[in-house]
Amino acid sequence: MNLPSELKYTKDHEWVTIEDNVATVGITDFAQGELGDIVYVEVETLDETLDKDEVFGTVEAVKTVSDLFLPLSGEIIAFNESLEEEPEKVNTDPYGEGWMIKIKISDDSQIEELLSADAYKELISA
């Protein structure tokens, strides 16, 4: 399983990378594997400001629909529109072209609550 050590993770199976107070968010390799073939990604919260742990969208796989939870409070400033035509990028490249949203972070202190790769690995191994 692919768990890049430079990323941060959530208990809800999202990954986060932060650059200049902007967080890029997607779902982990583990999550996409559990969901199976992803057929649709919906994010209707673009340009909205949400709190940590609020639902920012959904991902639909062949057999299930799963909510996506915001890992950090802030304004959703970008959605990966390529996922509208190619949602399978979440399966094939979850940490690259399969990214989902970008957030302008409103509370830097929440970054400390994110999991390291090792802590996330322990969570999914339990």
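Trainee: Why is the pairing of the side chains of Lys89 and Ser82 called a polar contact?

Mentor: A polar contact is a pair of N or O atoms within 3.5 Å, where within protein one must be able to donate a hydrogen and the other to accept it, and where residues adjacent in sequence count only if both atoms are side-chain atoms. The side chains of Lys89 and Ser82 come to 3.1 Å, which is within that limit, so the name applies. This is a predicted model, in which local features need pLDDT of at least 70, side-chain atom pairs count only at pLDDT 80 or more, and totals for chains, interfaces and linings use all residues. Residues are numbered from 1 along each chain as its sequence is written, and side-chain values use heavy atoms, with hydrogens and water left out.

Trainee: Where does Lys89 sit, and is this residue buried or exposed?

Mentor: Lys89 belongs to helix H3 (residues 89-92), where helices (H or I, at least four residues) and strands (E, at least two) are DSSP runs numbered from the N terminus. Its relative accessible area is 14%; buried means under 20%, exposed over 50%, and partly exposed in between, taken with a 1.4 Å probe on protein chains only, so Lys89 counts as buried. Setting aside neighbours within four places in sequence, Lys89 is in contact (heavy atoms within 4.5 Å) with Ser82, Leu83, Pro94, Glu97 and Gly98.

Trainee: How do you know that Lys89 and Glu97 form a salt bridge?

Mentor: A salt bridge requires a side-chain nitrogen of Lys or Arg within 4 Å of a carboxyl oxygen of Asp or Glu, and the N to O distance for Lys89 and Glu97 is 3.7 Å, so the pair qualifies. Lys89 also forms a salt bridge with Glu86, the closest N and O atoms being 3.6 Å apart. Glu97, at 47% relative accessibility, is partly exposed, and Glu86 is partly exposed as well, at 36%. Through these shared partners, salt bridges join Glu86, Lys89 and Glu97 into one network.

Trainee: How many salt bridges does the rule give, and what does the one between Glu113 and Lys52 tie together?

Mentor: The count comes to three. Glu113 and Lys52 have their closest N and O atoms 2.8 Å apart. Glu113 lies in the loop between strand S9 (101-105) and helix H4 (117-125), whereas Lys52 lies in the loop between strand S5 (49-50) and strand S6 (55-61), so the pair ties together parts that are 61 residues apart in sequence. With a relative accessible area of 25%, Lys52 is partly exposed.

Trainee: What is the order of the three-strand open sheet?

Mentor: Its order is S4-S6-S7, with antiparallel pairing, and its edge strands are strand S4 (38-42) and strand S7 (65-69). Four bridges join S4 to S6, and Tyr40 stands opposite Glu60 in S6.

Trainee: What makes a set of residues a nonpolar core, and which members of the largest one touch the most others?

Mentor: Such a core is a set of buried Ala, Val, Leu, Ile, Met, Phe, Trp, Tyr and Cys residues joined through side-chain atoms within 4.5 Å. The largest has 25 residues, of which Ile27, Val41, Phe56, Met100 and Ile101 touch the most other members. Two or more residues come from each of S3, helix H1 (29-35), S4, S6, strand S8 (74-79) and S9. Apart from this core lies another, of nine residues, among them Leu3, Tyr9, Tyr95 and Tyr120.

Terms used. Two strands pair if DSSP finds at least two bridges between them.
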